[in-house]
Amino acid sequence: MKNKILIVEDQFVEANNLQMILERAGYEVCPIARSVSIALEIIEKEKPDLVLLDIFLKGKLTGIDLARILQEQQIAFVYLSANSNKEILDAAKATKPYGFLVKPFREKDVLVTLDIANYLHENNLQSAIRQESQQAAKLSLPSTHFKDIIGKSRSLDLVLNHVQIVAPTHTSVLLLGESGTGKERIADAIHLLSSRKSKPLIKVNCAALPASLIESELFGHEKGAFTGATERRIGKFEQAQGGTIFLDEIGEMPLDLQVKLLRVLQEKEIERVGGRTTFKVDVRIIAATNRNLEKEVAEGRFRMDLYYRLNVFPIVMPPLRERKEDIPLLAQYFLDIYTRKIGKQITGLSDKVLEALVQYSWPGNIRELEHFIERAVLLTQTGMIQNVSIPVNVPKEEASLKNQQDIKSMEEMEREHILWVLEKCNGKVFGPGGAAELLKVPVSTLNSRMKKLGIEKENFFSVNKS
């Protein structure tokens, strides 16, 4: 017999539907509670293993009030909701539920969510992150799949632990975190650890596609579907058949396309643009975003039902400023890559440089660190990186205001960069160690750009530092 479950729901039809789903799956179901007071009586008597909990209930107390009690009693719970109010979602999230189920309920979503909630509760991952020794004992990382994911911090260990939990399943995964934190690397690892690893992993950047082309790109089109459709096109979902599709920047997807993506998640079928028939696809979806999707839902820019379908198993990528112990390891990793690529013999970074790297906040995260190390390798003429120019840490609010007030054009940024390189080269434009070599452009091209941007000899040592 599977775990005992309590349903706390004041709508009879929805509660009854859930009860039938659970009983068909072999769960033992407690009597249904219509209010918090009734739920507390049943919990005292029945001792359920997990509670399915509606947010709004009859009586003065809400599901969030009951969730706080369940937390104290260490009883796992999953919210049942169709609410998109940001304040309510934030309050619910603060109670640390093991999942959300959106109304109306689909049987498969209910059962998958319960499986994950039970696993997380049994393994007590919240406790594991606070107990490093237990975490290390549990974690056994296959080097072939995690070799390019560098770090030893507890926050990264938790991410990799979550990857190992979800990868063998067919569950949708939502990767959350700031730009540059390594979400694509995690998507690669999930695919390689899954039973779909021999099938394609297809990647789509939703932010990089024009809105008019996203549907055709994802689902394909038939010949003659629109002007310029001279032949049938196979979309990304068809290309990923049997494998995985990685939808990066999912928060940028237009609302009308969100509806069609939801249908794929629900029905496992697609229809090409201009087509008249649908056909089944077997594709696992991994989505990623740097946006706060709960805020996007509350403000009407992202469908709540799609959010909950994708958010079955969220993995939050920590920013680099919260992984400071990983910065020296990442810096050496990128140093090894770019010394080989550029052909320089640089053995490491000085203690002074490493300390400066650790103290910097890295708003661009791992991607910014990688670009920084590449530039340092280009400019270093000795066997050790001894000095680097680290940007000044700026508080987020101040940086946001500065960005709004002091936006520079592409030409202004290009001019400053060329001047900066010329300063590093002591004004040398061509030849070994010259600016053209460092910028990887022909001398004639660099001279032409300098002329167009008004860069004269007297500018070389007076770079604008603002």
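These legends walk you through a few close-ups of a predicted model. Residues are numbered from 1 along each chain as its sequence is written. Local features need pLDDT of at least 70 and side-chain atom pairs count only at pLDDT 80 or more, while totals for chains, interfaces and linings use all residues; side-chain values use heavy atoms, with hydrogens and water left out.

**View 1. Helix 9 packs with helix 10.** Helix 9 covers residues 154-166 and helix 10 covers residues 183-192 (helices are DSSP runs of H or I, at least four residues, numbered from the N terminus). Their axes sit 9 Å apart at an angle of about 35° (axes are lines fitted to C-alpha atoms over the stretch in contact, and angles run from 0 to 180 degrees between N-to-C directions). Val159, Leu160, Val163 and Val166 of helix 9 meet Ile186, Ala189 and Ile190 of helix 10 (contact means heavy atoms within 4.5 Å).

**View 2. Phe219 and Phe237 form a stacked aromatic pair.** Their ring centres are 5.5 Å apart, with 25° between the planes (rings of Phe, Tyr and Trp, the last by its six-membered ring, pair if their centres lie within 6.5 Å, and planes under 30 degrees apart count as stacked, over 60 as edge-to-face and the rest as tilted). Phe219 lies in helix 11 and Phe237 in helix 12, so the pair ties together parts that are 18 residues apart in sequence. Both Phe219 and Phe237 are buried (under 20% relative accessible area, with a 1.4 Å probe and protein chains only).

**View 3. Phe77, Tyr79 and Phe100 form one aromatic cluster.** By the ring-pair rule, the count comes to 6 aromatic pairs.

Definitions and conventions: Helices (H or I, at least four residues) and strands (E, at least two) are DSSP runs, numbered from the N terminus. Buried means under 20% relative accessible area, exposed over 50%, partly exposed in between (1.4 Å probe, protein chains only).
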